[in-house]
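Trainee: Please take me through one part of this model in detail. I would like to look at the place where the two chains meet, and then at whatever lies around it.

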Amino acid sequence: MKKDLLGIADLSQEEIYLVLDTAEAMREIAQRPIKKVPTLRGKTVVNLFFEPSTRTRTSFEIAEKRLSADTLNIAVATSSVLKGETLADTAMNIEAMAPDMIVLRHASSGAPHFLSRICRSRVINAGDGMHEHPTQALLDAFTIREHKKRIGGLKVAIVGDLLHSRVLRSNALLLTKLGAEVWACGPRTLVPPGLDRLGVHVSTSVDRAVEGADVVMMLRIQQERMQGAFVPSLREYFQVFGMTVERVARAKPDVIIMHPGPMNRGVEIASDVADGPYSVILEQVANGVAVRMAVLYLLAGGAGMD
Amino acid sequence: MPVVMDADRMTRTLTRIAHEILERNRGVEELALVGIRTRGVPIARRLAQAIHEINHHDVPTGALDITLYRDDLMRHAVGPQPVVRKTEIPFSIDDKCILLVDDVLYTGRTIRAALDALIDFGRPKAIQLVVLIDRGHRELPIKADYVGKNLPTSLSQSVQVHLTEVDGRDEVEIEP
(Lines give C-alpha, C1' and ligand atoms only; values in the text may rest on other atoms or scores of the structure.)
Protein backbone atom coordinates (compact mmCIF):
# COMPACT_ATOMS: atom_id res chain seq x y z
CA MET A 1 0.00 0.00 0.00
CA LYS A 2 1.28 3.42 -0.94
CA LYS A 3 0.05 6.73 0.37
CA ASP A 4 -3.67 6.14 -0.01
CA LEU A 5 -6.41 3.68 0.91
CA LEU A 6 -8.15 3.13 -2.41
CA GLY A 7 -9.35 -0.43 -2.06
CA ILE A 8 -8.93 -3.76 -0.30
CA ALA A 9 -7.34 -5.05 -3.51
CA ASP A 10 -4.15 -3.10 -2.68
CA LEU A 11 -3.85 -4.41 0.90
CA SER A 12 -1.83 -7.38 2.05
CA GLN A 13 -2.98 -9.73 4.78
CA GLU A 14 -0.50 -8.10 7.20
CA GLU A 15 -1.82 -4.63 6.45
CA ILE A 16 -5.39 -5.77 7.04
CA TYR A 17 -4.44 -7.25 10.41
CA LEU A 18 -2.51 -4.09 11.28
CA VAL A 19 -5.64 -2.01 10.69
CA LEU A 20 -7.77 -4.41 12.77
CA ASP A 21 -5.27 -4.52 15.64
CA THR A 22 -4.89 -0.74 15.65
CA ALA A 23 -8.68 -0.41 15.68
CA GLU A 24 -8.78 -2.56 18.85
CA ALA A 25 -6.68 0.07 20.58
CA MET A 26 -8.71 2.93 19.11
CA ARG A 27 -11.98 1.50 20.35
CA GLU A 28 -11.06 2.08 23.97
CA ILE A 29 -10.99 5.85 23.35
CA ALA A 30 -14.79 5.84 22.87
CA GLN A 31 -15.18 4.65 26.47
CA ARG A 32 -13.17 7.47 28.02
CA PRO A 33 -14.68 10.53 29.70
CA ILE A 34 -12.69 12.63 27.21
CA LYS A 35 -13.10 10.90 23.86
CA LYS A 36 -10.20 12.58 22.15
CA VAL A 37 -6.48 12.07 21.64
CA PRO A 38 -4.09 14.70 20.23
CA THR A 39 -2.60 12.47 17.52
CA LEU A 40 -3.69 14.32 14.36
CA ARG A 41 -3.51 17.81 15.83
CA GLY A 42 -2.88 20.34 13.08
CA LYS A 43 -3.84 17.95 10.27
CA THR A 44 -6.66 18.97 7.96
CA VAL A 45 -9.03 16.36 6.58
CA VAL A 46 -11.55 17.17 3.87
CA ASN A 47 -14.59 14.94 3.58
CA LEU A 48 -15.63 15.24 -0.04
CA PHE A 49 -18.98 13.52 -0.55
CA PHE A 50 -20.50 13.43 -4.00
CA GLU A 51 -23.20 10.99 -2.92
CA PRO A 52 -25.61 11.18 -0.01
CA SER A 53 -24.32 9.45 3.10
CA THR A 54 -25.17 9.67 6.77
CA ARG A 55 -23.38 6.76 8.37
CA THR A 56 -20.07 6.84 6.55
CA ARG A 57 -19.69 10.62 6.59
CA THR A 58 -20.62 10.91 10.26
CA SER A 59 -18.38 7.99 11.12
CA PHE A 60 -15.37 9.54 9.34
CA GLU A 61 -16.07 12.91 10.91
CA ILE A 62 -16.27 11.50 14.44
CA ALA A 63 -13.11 9.46 13.82
CA GLU A 64 -11.26 12.56 12.60
CA LYS A 65 -12.45 14.66 15.54
CA ARG A 66 -11.49 12.00 18.10
CA LEU A 67 -7.97 12.13 16.66
CA SER A 68 -8.01 15.97 16.91
CA ALA A 69 -7.83 16.60 13.15
CA ASP A 70 -9.48 19.69 11.71
CA THR A 71 -12.26 18.51 9.48
CA LEU A 72 -14.43 20.07 6.90
CA ASN A 73 -17.27 18.58 4.95
CA ILE A 74 -18.10 19.31 1.36
CA ALA A 75 -21.41 17.91 0.24
CA VAL A 76 -22.22 18.05 -3.42
CA ALA A 77 -25.58 19.69 -2.81
CA THR A 78 -23.86 22.86 -1.61
CA SER A 79 -20.74 22.82 -3.79
CA SER A 80 -19.56 24.28 -7.09
CA VAL A 81 -20.00 20.87 -8.68
CA LEU A 82 -23.57 21.93 -9.29
CA LYS A 83 -22.18 24.83 -11.30
CA GLY A 84 -20.44 22.41 -13.64
CA GLU A 85 -16.99 22.09 -12.11
CA THR A 86 -15.13 18.86 -12.92
CA LEU A 87 -13.86 16.50 -10.24
CA ALA A 88 -10.27 17.36 -11.17
CA ASP A 89 -10.89 21.10 -10.78
CA THR A 90 -12.72 20.65 -7.50
CA ALA A 91 -9.86 18.49 -6.25
CA MET A 92 -7.10 20.87 -7.38
CA ASN A 93 -8.86 23.79 -5.73
CA ILE A 94 -9.17 21.92 -2.46
CA GLU A 95 -5.58 20.78 -2.82
CA ALA A 96 -4.48 24.41 -3.19
CA MET A 97 -5.65 24.96 0.38
CA ALA A 98 -3.20 22.26 1.52
CA PRO A 99 -5.27 19.65 3.31
CA ASP A 100 -3.46 16.52 4.52
CA MET A 101 -6.12 14.00 3.62
CA ILE A 102 -9.17 13.79 1.41
CA VAL A 103 -11.94 11.31 2.13
CA LEU A 104 -13.86 10.80 -1.11
CA ARG A 105 -17.26 9.30 -1.81
CA HIS A 106 -18.16 9.34 -5.49
CA ALA A 107 -20.72 7.70 -7.76
CA SER A 108 -18.06 6.84 -10.37
CA SER A 109 -15.91 3.76 -9.90
CA GLY A 110 -12.24 4.73 -9.85
CA ALA A 111 -12.77 8.37 -8.83
CA PRO A 112 -10.46 8.07 -5.77
CA HIS A 113 -7.77 6.45 -7.93
CA PHE A 114 -7.98 9.40 -10.27
CA LEU A 115 -7.76 11.81 -7.34
CA SER A 116 -4.82 9.92 -5.91
CA ARG A 117 -2.86 10.46 -9.14
CA ILE A 118 -3.40 14.22 -9.22
CA CYS A 119 -3.29 15.03 -5.48
CA ARG A 120 -0.46 15.28 -3.01
CA SER A 121 -2.91 14.74 -0.16
CA ARG A 122 -3.60 11.23 1.02
CA VAL A 123 -6.83 9.88 -0.41
CA ILE A 124 -9.22 7.57 1.41
CA ASN A 125 -11.92 5.87 -0.61
CA ALA A 126 -15.25 6.16 1.22
CA GLY A 127 -17.09 4.31 -1.54
CA ASP A 128 -16.64 4.66 -5.30
CA GLY A 129 -19.54 3.72 -7.52
CA MET A 130 -19.91 -0.04 -7.86
CA HIS A 131 -16.24 -0.68 -7.15
CA GLU A 132 -15.00 -0.66 -3.53
CA HIS A 133 -15.81 0.54 -0.03
CA PRO A 134 -12.68 -0.51 1.86
CA THR A 135 -13.40 0.95 5.30
CA GLN A 136 -16.77 -0.84 5.34
CA ALA A 137 -15.09 -4.19 4.64
CA LEU A 138 -12.50 -3.49 7.34
CA LEU A 139 -15.15 -2.69 9.95
CA ASP A 140 -17.11 -5.78 8.93
CA ALA A 141 -13.99 -7.90 9.36
CA PHE A 142 -13.35 -6.26 12.73
CA THR A 143 -16.90 -7.08 13.86
CA ILE A 144 -16.66 -10.68 12.61
CA ARG A 145 -13.30 -11.22 14.31
CA GLU A 146 -14.65 -9.84 17.57
CA HIS A 147 -17.49 -12.36 17.61
CA LYS A 148 -15.80 -15.38 16.04
CA LYS A 149 -12.21 -14.74 17.20
CA ARG A 150 -11.04 -15.58 13.68
CA ILE A 151 -11.92 -15.04 10.03
CA GLY A 152 -10.12 -17.90 8.29
CA GLY A 153 -12.33 -20.96 7.82
CA LEU A 154 -15.64 -19.18 8.44
CA LYS A 155 -18.55 -19.48 6.04
CA VAL A 156 -19.84 -16.02 5.17
CA ALA A 157 -23.03 -15.63 3.10
CA ILE A 158 -23.52 -12.27 1.40
CA VAL A 159 -27.07 -11.91 0.14
CA GLY A 160 -28.74 -9.20 -1.93
CA ASP A 161 -27.99 -6.81 -4.76
CA LEU A 162 -24.59 -8.13 -5.84
CA LEU A 163 -24.47 -6.14 -9.05
CA HIS A 164 -24.39 -2.63 -7.62
CA SER A 165 -22.61 -3.45 -4.38
CA ARG A 166 -19.18 -2.05 -3.60
CA VAL A 167 -19.61 -3.52 -0.12
CA LEU A 168 -19.77 -6.99 -1.65
CA ARG A 169 -16.63 -6.44 -3.72
CA SER A 170 -14.55 -5.11 -0.84
CA ASN A 171 -15.81 -7.78 1.54
CA ALA A 172 -15.26 -10.60 -0.95
CA LEU A 173 -11.69 -9.43 -1.53
CA LEU A 174 -10.93 -9.01 2.15
CA LEU A 175 -12.60 -12.17 3.47
CA THR A 176 -11.06 -14.43 0.83
CA LYS A 177 -7.64 -12.86 1.51
CA LEU A 178 -8.03 -13.90 5.14
CA GLY A 179 -9.17 -17.40 4.22
CA ALA A 180 -12.96 -17.29 4.71
CA GLU A 181 -15.37 -19.21 2.49
CA VAL A 182 -17.57 -16.55 0.89
CA TRP A 183 -20.95 -17.25 -0.67
CA ALA A 184 -22.59 -14.53 -2.74
CA CYS A 185 -26.30 -14.90 -3.35
CA GLY A 186 -28.83 -12.83 -5.26
CA PRO A 187 -31.29 -12.93 -8.14
CA ARG A 188 -29.75 -13.86 -11.49
CA THR A 189 -30.38 -10.34 -12.82
CA LEU A 190 -28.29 -8.86 -9.99
CA VAL A 191 -25.27 -11.18 -10.33
CA PRO A 192 -22.47 -9.41 -12.20
CA PRO A 193 -20.66 -11.55 -14.78
CA GLY A 194 -17.29 -12.83 -13.58
CA LEU A 195 -18.17 -12.56 -9.89
CA ASP A 196 -16.74 -16.05 -9.30
CA ARG A 197 -13.33 -14.70 -10.31
CA LEU A 198 -13.23 -12.94 -6.93
CA GLY A 199 -12.95 -16.44 -5.43
CA VAL A 200 -16.48 -16.59 -4.08
CA HIS A 201 -19.20 -19.21 -4.51
CA VAL A 202 -22.09 -17.72 -6.45
CA SER A 203 -25.59 -19.04 -5.84
CA THR A 204 -29.14 -17.97 -6.54
CA SER A 205 -30.47 -20.07 -3.66
CA VAL A 206 -30.60 -18.29 -0.30
CA ASP A 207 -31.14 -21.57 1.50
CA ARG A 208 -27.96 -23.00 0.05
CA ALA A 209 -25.91 -19.89 0.74
CA VAL A 210 -27.10 -19.56 4.34
CA GLU A 211 -26.84 -23.31 5.16
CA GLY A 212 -24.35 -23.66 8.01
CA ALA A 213 -23.13 -20.05 7.70
CA ASP A 214 -21.22 -18.41 10.56
CA VAL A 215 -21.99 -14.95 9.22
CA VAL A 216 -24.88 -13.67 7.10
CA MET A 217 -24.36 -10.27 5.55
CA MET A 218 -27.34 -8.61 3.91
CA LEU A 219 -26.95 -6.09 1.10
CA ARG A 220 -29.37 -3.28 0.42
CA ILE A 221 -31.55 -3.33 -2.67
CA GLN A 222 -30.24 -0.12 -4.22
CA GLN A 223 -33.39 1.33 -5.68
CA GLU A 224 -31.58 4.51 -6.74
CA ARG A 225 -29.29 2.52 -9.03
CA MET A 226 -32.01 0.35 -10.53
CA GLN A 227 -33.06 1.81 -13.81
CA GLY A 228 -33.81 -1.58 -15.36
CA ALA A 229 -36.33 -4.19 -14.31
CA PHE A 230 -33.98 -6.24 -12.13
CA VAL A 231 -36.65 -7.62 -9.81
CA PRO A 232 -40.38 -7.98 -10.51
CA SER A 233 -41.36 -6.28 -7.27
CA LEU A 234 -39.90 -5.58 -3.86
CA ARG A 235 -42.55 -7.82 -2.35
CA GLU A 236 -41.54 -10.72 -4.52
CA TYR A 237 -37.88 -10.03 -3.77
CA PHE A 238 -38.60 -10.37 -0.06
CA GLN A 239 -40.45 -13.65 -0.67
CA VAL A 240 -37.47 -15.19 -2.46
CA PHE A 241 -34.40 -13.48 -1.00
CA GLY A 242 -35.52 -11.65 2.15
CA MET A 243 -33.81 -12.71 5.37
CA THR A 244 -36.46 -14.15 7.65
CA VAL A 245 -36.23 -15.94 10.99
CA GLU A 246 -36.96 -19.22 9.16
CA ARG A 247 -34.02 -18.72 6.79
CA VAL A 248 -31.69 -17.65 9.60
CA ALA A 249 -32.49 -20.98 11.28
CA ARG A 250 -30.57 -22.79 8.52
CA ALA A 251 -27.34 -21.07 9.55
CA LYS A 252 -25.18 -22.04 12.53
CA PRO A 253 -26.89 -21.46 15.92
CA ASP A 254 -24.34 -18.74 16.78
CA VAL A 255 -24.69 -16.97 13.43
CA ILE A 256 -24.33 -13.19 13.34
CA ILE A 257 -26.43 -11.06 10.99
CA MET A 258 -24.82 -8.00 9.44
CA HIS A 259 -26.03 -5.16 7.27
CA PRO A 260 -23.96 -2.18 6.07
CA GLY A 261 -27.03 0.07 6.18
CA PRO A 262 -29.23 1.80 5.35
CA MET A 263 -31.67 -1.09 5.76
CA ASN A 264 -34.85 -1.60 3.77
CA ARG A 265 -36.95 -3.41 6.35
CA GLY A 266 -39.32 -5.84 4.71
CA VAL A 267 -37.31 -5.83 1.47
CA GLU A 268 -33.99 -7.55 2.09
CA ILE A 269 -34.38 -8.13 5.82
CA ALA A 270 -37.33 -8.82 8.12
CA SER A 271 -37.63 -6.52 11.13
CA ASP A 272 -37.46 -9.38 13.62
CA VAL A 273 -34.13 -10.43 12.10
CA ALA A 274 -32.72 -6.89 12.00
CA ASP A 275 -33.63 -6.40 15.67
CA GLY A 276 -33.01 -10.02 16.69
CA PRO A 277 -30.45 -11.27 19.21
CA TYR A 278 -28.01 -12.36 16.48
CA SER A 279 -28.02 -8.95 14.81
CA VAL A 280 -24.73 -7.02 15.13
CA ILE A 281 -25.82 -4.18 12.85
CA LEU A 282 -25.39 -1.42 15.43
CA GLU A 283 -22.06 -2.87 16.59
CA GLN A 284 -20.88 -2.49 13.01
CA VAL A 285 -21.67 1.21 13.21
CA ALA A 286 -19.83 1.59 16.53
CA ASN A 287 -16.81 -0.33 15.22
CA GLY A 288 -16.77 1.84 12.09
CA VAL A 289 -15.47 4.78 14.08
CA ALA A 290 -12.59 2.77 15.59
CA VAL A 291 -11.63 1.26 12.23
CA ARG A 292 -11.65 4.65 10.51
CA MET A 293 -9.53 6.11 13.32
CA ALA A 294 -7.05 3.30 12.69
CA VAL A 295 -6.96 4.00 8.95
CA LEU A 296 -6.53 7.76 9.48
CA TYR A 297 -3.74 7.16 11.99
CA LEU A 298 -1.88 4.65 9.85
CA LEU A 299 -2.09 6.81 6.72
CA ALA A 300 -1.10 10.01 8.52
CA GLY A 301 2.47 8.82 9.03
CA GLY A 302 5.27 9.35 6.59
CA ALA A 303 5.02 6.38 4.29
CA GLY A 304 1.53 5.28 5.15
CA MET A 305 1.26 1.65 6.04
CA ASP A 306 4.41 0.42 4.30
CA MET B 1 27.32 -6.52 27.33
CA PRO B 2 27.82 -5.46 30.93
CA VAL B 3 24.95 -6.44 33.20
CA VAL B 4 24.13 -3.66 35.66
CA MET B 5 21.25 -5.41 37.43
CA ASP B 6 20.58 -9.13 37.71
CA ALA B 7 17.33 -10.94 38.56
CA ASP B 8 18.03 -11.14 42.28
CA ARG B 9 18.90 -7.48 42.52
CA MET B 10 15.80 -6.53 40.53
CA THR B 11 13.53 -8.39 42.94
CA ARG B 12 15.13 -6.71 45.95
CA THR B 13 14.94 -3.30 44.26
CA LEU B 14 11.22 -3.65 43.53
CA THR B 15 10.56 -4.82 47.12
CA ARG B 16 12.43 -1.78 48.40
CA ILE B 17 10.39 0.55 46.16
CA ALA B 18 7.16 -1.10 47.39
CA HIS B 19 8.22 -0.28 50.97
CA GLU B 20 9.07 3.30 49.99
CA ILE B 21 5.66 3.72 48.34
CA LEU B 22 3.88 2.55 51.49
CA GLU B 23 6.09 4.70 53.68
CA ARG B 24 5.30 7.83 51.69
CA ASN B 25 1.59 7.26 51.13
CA ARG B 26 -0.55 6.88 54.24
CA GLY B 27 -3.86 5.87 52.67
CA VAL B 28 -3.17 2.69 50.74
CA GLU B 29 -6.82 2.68 49.56
CA GLU B 30 -6.27 5.59 47.26
CA LEU B 31 -3.19 4.14 45.54
CA ALA B 32 -3.33 2.81 41.98
CA LEU B 33 -0.55 1.63 39.66
CA VAL B 34 -0.41 2.49 35.96
CA GLY B 35 2.35 0.91 33.89
CA ILE B 36 3.52 2.44 30.61
CA ARG B 37 3.62 -0.07 27.75
CA THR B 38 5.56 -2.18 27.14
CA ARG B 39 7.83 -2.87 30.12
CA GLY B 40 6.25 -0.54 32.64
CA VAL B 41 3.24 -2.88 32.77
CA PRO B 42 4.94 -6.00 34.19
CA ILE B 43 6.92 -3.81 36.60
CA ALA B 44 3.65 -2.26 37.84
CA ARG B 45 2.18 -5.75 38.33
CA ARG B 46 5.24 -6.85 40.30
CA LEU B 47 4.99 -3.78 42.50
CA ALA B 48 1.31 -4.58 43.13
CA GLN B 49 2.37 -8.09 44.12
CA ALA B 50 5.15 -6.76 46.39
CA ILE B 51 2.71 -4.38 48.10
CA HIS B 52 0.27 -7.25 48.55
CA GLU B 53 2.96 -9.33 50.23
CA ILE B 54 3.69 -6.50 52.67
CA ASN B 55 0.18 -5.53 53.75
CA HIS B 56 -2.27 -7.87 51.89
CA HIS B 57 -3.82 -4.94 50.09
CA ASP B 58 -4.66 -5.19 46.38
CA VAL B 59 -3.66 -2.07 44.50
CA PRO B 60 -5.59 -1.69 41.21
CA THR B 61 -3.24 -1.87 38.22
CA GLY B 62 -3.67 -0.55 34.71
CA ALA B 63 -1.74 -0.31 31.44
CA LEU B 64 -1.18 2.88 29.46
CA ASP B 65 -0.12 3.13 25.81
CA ILE B 66 1.26 6.57 25.04
CA THR B 67 1.72 6.21 21.26
CA LEU B 68 -1.15 8.53 20.36
CA TYR B 69 0.31 11.22 22.63
CA ARG B 70 3.90 11.13 21.37
CA ASP B 71 5.39 14.47 20.36
CA ASP B 72 7.40 12.98 17.50
CA LEU B 73 4.59 11.12 15.73
CA MET B 74 4.13 13.28 12.66
CA ARG B 75 7.68 14.57 12.44
CA HIS B 76 9.21 11.80 10.37
CA ALA B 77 8.84 12.13 6.62
CA VAL B 78 9.30 8.40 6.08
CA GLY B 79 8.69 5.21 7.97
CA PRO B 80 5.58 3.46 9.22
CA GLN B 81 3.55 4.66 12.16
CA PRO B 82 4.42 3.15 15.53
CA VAL B 83 2.11 0.33 16.55
CA VAL B 84 -0.71 1.44 18.87
CA ARG B 85 -1.54 -0.92 21.70
CA LYS B 86 -4.46 -1.02 24.06
CA THR B 87 -4.76 1.25 27.07
CA GLU B 88 -6.48 -0.61 29.89
CA ILE B 89 -7.27 1.34 33.03
CA PRO B 90 -10.24 -0.56 34.49
CA PHE B 91 -10.84 1.85 37.39
CA SER B 92 -11.55 5.54 37.89
CA ILE B 93 -8.40 7.58 38.47
CA ASP B 94 -10.38 10.48 39.98
CA ASP B 95 -8.97 11.44 43.40
CA LYS B 96 -6.56 8.50 43.35
CA CYS B 97 -2.85 8.72 43.93
CA ILE B 98 -1.50 7.31 40.67
CA LEU B 99 1.87 5.60 40.66
CA LEU B 100 3.06 5.90 37.07
CA VAL B 101 5.57 3.13 36.30
CA ASP B 102 8.16 2.85 33.53
CA ASP B 103 11.36 0.88 33.04
CA VAL B 104 13.84 3.57 32.00
CA LEU B 105 13.67 7.33 32.58
CA TYR B 106 15.70 9.13 29.91
CA THR B 107 14.61 12.32 28.09
CA GLY B 108 11.31 12.53 29.99
CA ARG B 109 9.26 12.76 26.79
CA THR B 110 7.48 9.46 27.38
CA ILE B 111 6.47 10.66 30.85
CA ARG B 112 5.23 13.97 29.43
CA ALA B 113 3.03 12.02 26.99
CA ALA B 114 1.86 9.70 29.79
CA LEU B 115 0.87 12.66 31.99
CA ASP B 116 -1.21 14.12 29.14
CA ALA B 117 -2.83 10.74 28.54
CA LEU B 118 -3.62 10.21 32.25
CA ILE B 119 -5.27 13.61 32.58
CA ASP B 120 -7.68 12.59 29.81
CA PHE B 121 -8.93 9.80 32.10
CA GLY B 122 -9.82 12.05 35.00
CA ARG B 123 -8.36 14.16 37.76
CA PRO B 124 -6.08 12.18 40.06
CA LYS B 125 -5.24 13.57 43.48
CA ALA B 126 -1.56 13.15 42.71
CA ILE B 127 0.74 11.40 40.25
CA GLN B 128 4.04 9.92 41.41
CA LEU B 129 6.68 8.48 39.10
CA VAL B 130 8.36 5.10 39.60
CA VAL B 131 11.25 4.00 37.36
CA LEU B 132 13.53 1.00 37.53
CA ILE B 133 16.46 2.86 35.93
CA ASP B 134 17.18 6.59 35.74
CA ARG B 135 19.85 7.10 33.10
CA GLY B 136 19.86 10.90 33.08
CA HIS B 137 19.87 13.27 30.06
CA ARG B 138 16.49 14.85 30.73
CA GLU B 139 15.09 17.17 28.06
CA LEU B 140 12.06 18.18 30.13
CA PRO B 141 11.67 19.22 33.77
CA ILE B 142 10.66 15.76 35.03
CA LYS B 143 11.95 13.89 38.07
CA ALA B 144 11.17 10.43 39.42
CA ASP B 145 9.80 9.95 42.94
CA TYR B 146 11.10 6.38 43.24
CA VAL B 147 14.22 5.19 41.44
CA GLY B 148 15.44 1.59 41.34
CA LYS B 149 18.93 2.52 40.26
CA ASN B 150 20.62 5.69 39.08
CA LEU B 151 22.76 4.79 36.11
CA PRO B 152 25.07 7.47 34.71
CA THR B 153 25.28 6.97 30.94
CA SER B 154 26.59 8.72 27.89
CA LEU B 155 24.21 9.64 25.07
CA SER B 156 25.69 7.00 22.78
CA GLN B 157 24.97 4.18 25.21
CA SER B 158 21.76 2.19 25.26
CA VAL B 159 20.12 0.75 28.37
CA GLN B 160 18.13 -2.46 27.87
CA VAL B 161 15.74 -3.69 30.52
CA HIS B 162 14.79 -7.35 30.07
CA LEU B 163 11.83 -8.77 31.98
CA THR B 164 10.74 -12.39 32.25
CA GLU B 165 7.17 -11.54 31.14
CA VAL B 166 8.38 -9.95 27.90
CA ASP B 167 11.93 -11.16 27.24
CA GLY B 168 12.20 -14.43 29.14
CA ARG B 169 14.76 -13.18 31.68
CA ASP B 170 15.25 -10.47 34.32
CA GLU B 171 18.30 -8.36 33.59
CA VAL B 172 19.36 -4.80 32.91
CA GLU B 173 22.18 -4.37 30.41
CA ILE B 174 24.10 -1.37 29.18
CA GLU B 175 25.37 -1.33 25.61
CA PRO B 176 28.49 0.68 24.90
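**The contact between the chains**

Mentor: In this predicted model, 4 residue pairs are in polar contact between chain B and chain A, counting pairs with both residues at pLDDT 80 or more. On the side of chain B that touches chain A, the residues divide by class into 11 nonpolar, 5 polar and 3 charged. The contact as a whole draws 19 residues from chain B and 23 residues from chain A.

An interface is often sized by the accessible area lost when the parts come together. Here, about 1,700 Å² is buried between chain B and chain A, and carbon and sulfur atoms give 62% of that area. Within the area that chain B buries against chain A, 35% comes from B:Leu68, B:Met74 and B:Gln81, which is more than any other three residues supply.

Now the charged pairing. Side chains of opposite charge can pair when their charged atoms come close. Between chain B and chain A the count is 1 salt bridge. The partners are B:Lys86 and A:Glu24, with 3.8 Å between the closest N and O atoms. A:Glu24 also has a partner in its own chain: its side chain meets that of A:Arg145 in a salt bridge, at 3.5 Å from N to O. Over all chains, the structure holds 31 salt bridges.

Next, the pockets. The largest pocket holds about 790 Å³ of space. Its lining consists of 29 residues, and those nearest the centre are B:Arg37, B:Ile66, B:Asp102, B:Asp103 and B:Thr110. In chain B, β4 (97–105), α3 (109–119) and β7 (158–162) each contribute at least two lining residues. By class, this lining has 11 nonpolar, 7 polar and 11 charged residues.

The second largest pocket has about 490 Å³ of space. It is lined by 23 residues, with A:Arg105, A:Arg166, A:Arg220, A:Gly261 and A:Pro262 closest to its centre. From chain A, α2 (55–66) and α6 (166–177) each supply at least two residues of that lining. Its classes are 6 nonpolar, 10 polar and 7 charged residues.

Technical notes:
Residues numbered from 1 in each chain as written. Chains lettered and ligands numbered in written order. Predicted model: local features only at pLDDT ≥ 70, side-chain atom pairs only at ≥ 80, totals over all residues. Heavy atoms only, no water. Contact = heavy atoms within 4.5 Å. Buried area = accessible area lost by both parts, 1.4 Å probe. Salt bridge = Lys/Arg side-chain N within 4 Å of Asp/Glu carboxyl O. Polar contact = N/O pair within 3.5 Å; in protein donor to acceptor, adjacent residues only side chain to side chain. Nonpolar A, V, L, I, M, F, W, Y, C, P; charged D, E, K, R; others polar. 1 Å grid on protein atoms, 1.4 Å probe; cavity = no way out; pocket = protein on both sides within 12 Å on 5 of 7 lines; lining within 4 Å. Points joined across faces, edges and corners; volume = space filled by probe spheres on them. Helix = DSSP H or I, 4+ residues; strand = E, 2+ residues; numbered from the N terminus.
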